[in-house]
Amino acid sequence: MTACTLMALGEFRAARYCSVPPSRQGEPGRGVGPAVLRFESPVEAESPRGTGCHPFPPPARHMLVRCQLPNLLPRLCALRPSLTMSSATGTFTTDQPLNYRAGARVRPVDGGPTEDVYEPATGRVISKLLCSGEKEVDLAVQSAKAAFNVWSQMSGMERSRVLLEAARIIREQREEIATLETINNGKSIFEARVDIDISWQCLEYYAGLAGSLAGEHVQLPGGSFGYTRREPLGVCAGVGAWNYPFQIACWKSAPALACGNAMVYKPSPFTPISVVRLAEIYTEAGVPKGLFNVVQGGVATGQFLCHHPDVAKISFTGSVPTGIKIMEMAAKGIKPVTLELGGKSPLIIFSDCALENAVNGALMANFLTQGEVCCNGTRVFVERKILDVFTKEVVKRTQKIKVGDPLLEDTRMGALINRPHLDRVQGFIKQAKEQGAEVLCGGDLYVPDDPKLKNGYYMRPCVLGNCRDDMTCVKEEIFGPVMSILPFDTEEEVVERANNTKFGLAGGVFTRDIQKAHRVVAALKAGMCFINNYNISPVELPFGGYKASGFGRENGRAAIEYYSQLKTVCVEMGDVESVF
């Protein structure tokens with residue numbers, strides 16, 4: 001078997017948020033549990049990265065991963081029984097249960113319809129999903145409720161140690177978890193590794209906060225005093241999206257568990273596989289069995305979960321229409337919600353920008369994860385003075401983006417999530433042309449040379465010119481690799497146009513004038529803004545939107561407020577003076 005060396009060296013301003021610590025680079029995995037991963041056949045592989053310039057810089061700096069295939073094989077054995085795969089795309093299948101309850105994989109007691117789970121890169125069915133009914137959801141909630149009674153009584157430092165152990169396991173199993181994510185989601189393995197790095201960093205961050213959660217003491221007249229207690233909510237429901245399955249589950253569960261809550265999590269039925277791995281990791285790390293349970297299914301399963309009387313809070317990531325329905329269901333039980341919804345974010349390129357950096361930013365703002373990112377800056381406003389040169393460079397770089405097998409090291413864009421979504425994105429491009437936009441590059445379906453990929457869901461990244469603010473491609477969230485370029489003349493004009501949207505998730509500015517940069521982001525009606533970078537989401541900073549993009553925050557200290565509640569205690573040191 002030929003050894004491979006995977007090297008990823010790049011420069012990006014988000015370095016410390018994505019990179020693997022030098023002390024941990026090349027660490028061997030320990031393996032998790034007694035499971036065995038079977039390989040259908042030995043695989044000869046030789047996949048070094050090319051030496052040419054990549055279309056956009058990798059989102060990590062000084063990330064160096066060196067793995068010899070013979071050493072990697074034992075680590076992949078941690079993936080659990082009943083899995084078969086090789087290092088090549090198109091060989092993975094699993095018939096394992098995808099629900100997780102009380103510390104074990106289970107099949108739902110009242111499993112409803114079966115749904116196929118696909119590998120986007122090949123269009124193959126890789127698993128069958130049994131949708132959870134009302135009884136299974138209730139069992140999951142009751143299991144979580146029992147675990148909550150134990151977990152909530154532990155000290156913050158005790159919870160911190162468990163979260164740190166879970167982070168360690170994720171870090172050491174990075175390669176195999178990223179591989180699962182790539183197989184089920186379609187994004188490149190390079191991106192998936194970064195997602196897993198952000199995931200363990202999220203757990204480490206909230207482990208650090210867990211021991212410091214506290215109320216405050218308030219001195220009152222006459223020697224009396226009051227104090228507050230920060231207490232957990234109970235069983236929280238997490239409902240995740242398919243574009244970042246493992247990472248979103250960590251973003252929701254880490255602050256919830258740090259605060260002393262339990263969680264029942266429902267991933268998207270399109271990407272059900274990797275979240276169950278997270279549940280197993282939490283159990284191995286030492287959480288009470290049942291603290292993090294997984295129920296699989298679609299709309300009906302989500303409704304059972306949100307309506308359950310013992311669910312104290314709902315955190316949802318997904319579309320605006322579904323977010324509205326979640327909010328309606330939560331209102332009936334007066335439950336707090338966190339909604340991280342869609343976006344149509346502006347990216348403003350001023351003529352005094354560093355052009356190459358702005359081009360990099362535009363590519364990062366549009367083409368990560370095949371453009372399936374809620375905070376993408378898909379409305380690229382370019383000051384007219386540099387419109388031609390900027391557009392020319394963006395088109396040239398976009399045409400160089402390597403599309404194809406997501407498990408190959410030099411791939412920078414994998415497959416979209418499924419055929420209906422690919423058709424939907426194609427429909428937006430067709431409508432854009434009908435409304436007068438010009439396709440400057442890409443936008444067509446792509447069929448890789450490898451025959452096993454012929455049924456995958458690929459398209460070439462697209463840049464649209466001659467766009468207007470009233471076009472559908474400019475107003476609506478496409479959720480695909482489609483960039484719309486719009487010219488502007490003045491700062492006042494572009495700010496007004498940038499804010500002329502029902503969404504308010506993110507926004508970005510590229511300029512050398514730092515005063516202008518801060519002035520513009522202050523005027524943008526968006527929850528997450530970037531200056532001279534884009535799509536950086538360090539776990540230390542809150543993430544969330546304005547307007548129809550939702551409310552509540554994930555990440556940062558702000559998330560603690562949404563997974564805990566304050567109790568006020570007033571202590572009277574003297575006698576009570578009655579007015580009766």
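This is a predicted model: local features need pLDDT of at least 70, side-chain atom pairs count only at pLDDT 80 or more; totals for chains, interfaces and linings use all residues.

**Overview.** I started with burial: of the 580 residues of the chain, 60% count as buried, where buried means under 20% relative accessible area, exposed over 50% and partly exposed in between, using a 1.4 Å probe and protein chains only. Residues are numbered from 1 along each chain as its sequence is written, and side-chain values use heavy atoms, with hydrogens and water left out.

I looked up the confidence next. The chain averages a pLDDT of 88, and 85% of the residues score at least 70; pLDDT is the predictor's confidence in each residue, from 0 to 100. Over residues 1-87 pLDDT stays under 50, and the model has 201 contacts beyond four places in sequence for that stretch. Contact here means heavy atoms within 4.5 Å.

I find 17 helices and 24 strands in the chain. They are DSSP runs numbered from the N terminus, helices being H or I with at least four residues and strands E with at least two. Among contacts with a separation of 6 or more, 76% join residues 24 or more positions apart.

**Helix α12.** I checked its length first. Helix α12 covers residues 387-399, and its 13 residues should span 18 Å at 1.5 Å a residue; the end C-alpha atoms are 18 Å apart, which agrees. The expected span is 1.5 Å times one less than the number of residues.

Which residues of α12 are buried? I list L387, F390, T391, V394, V395, R397 and T398. Seen down the axis of α12, these fall within an arc of 170 degrees, so they line one face of the helix; the arc is that of the directions from the helix axis to the C-beta atoms. An α-helix has 3.6 residues a turn, so residues three or four places apart point the same way. The face turned away from the buried side of α12 carries the exposed residues D388, K392 and Q399. The buried residues of α12 pack against β14 (346-349), α11 (355-367), β15 (379-383), β16 (438-441), β17 (462-465) and β18 (482-488).

**Helix α10.** I ran the length check again here. The 13 residues of α10 (residues 320-332) should span 18 Å at 1.5 Å a residue, and the end C-alpha atoms are 19 Å apart, which agrees. V320, G323, I326, M329 and A330 are the buried residues of α10. They pack against α9 (299-307), β12 (311-317), β13 (337-340) and β19 (503-504).

**Positive phi.** Most residues other than glycine have a negative phi, so I went looking for exceptions. Just after α10, I334 takes a positive phi of about 50 degrees. Q370 has phi near 60 degrees and lies in the loop between α11 and β15. N466 has phi near 55 degrees and lies in the loop between β17 and α14 (472-475). Buried or exposed? I get 0% relative accessibility for Q370, which counts as buried, and 56% for N466, which counts as exposed.

**Y118 and I183.** Y118 lies in strand β5 (residues 114-119) and is partly exposed, with a relative accessible area of 32%. Leaving aside neighbours within four places in sequence, I see Y118 in contact with G123, R124, V125, I126, I183, N184 and Y457. The C-alpha atoms of Y118 and I417 are separated by 8.6 Å, though the two are 299 residues apart along the chain.

I183 counts as buried at 4% relative accessibility. Its C-alpha atom is separated by 8.4 Å from that of G90, 93 residues apart along the chain.

**Rings.** I counted 8 aromatic pairs. Rings of Phe, Tyr and Trp (its six-membered ring) pair if their centres lie within 6.5 Å; planes under 30 degrees apart count as stacked, over 60 as edge-to-face and the rest as tilted. The rings of Y205 and Y206 have centres 5.0 Å apart and planes at 85 degrees, so the pair is edge-to-face. Y205 and Y206 are both buried. Y265, Y282 and F292 form one aromatic cluster.

Last, charges over rings. The charged end of R171 sits over the ring of W200, 5.0 Å from its centre, and that of K516 sits over the ring of F350, 4.2 Å from its centre. The rule wants NZ of Lys or CZ of Arg within 6 Å of the ring centre and within 35 degrees of the ring normal.
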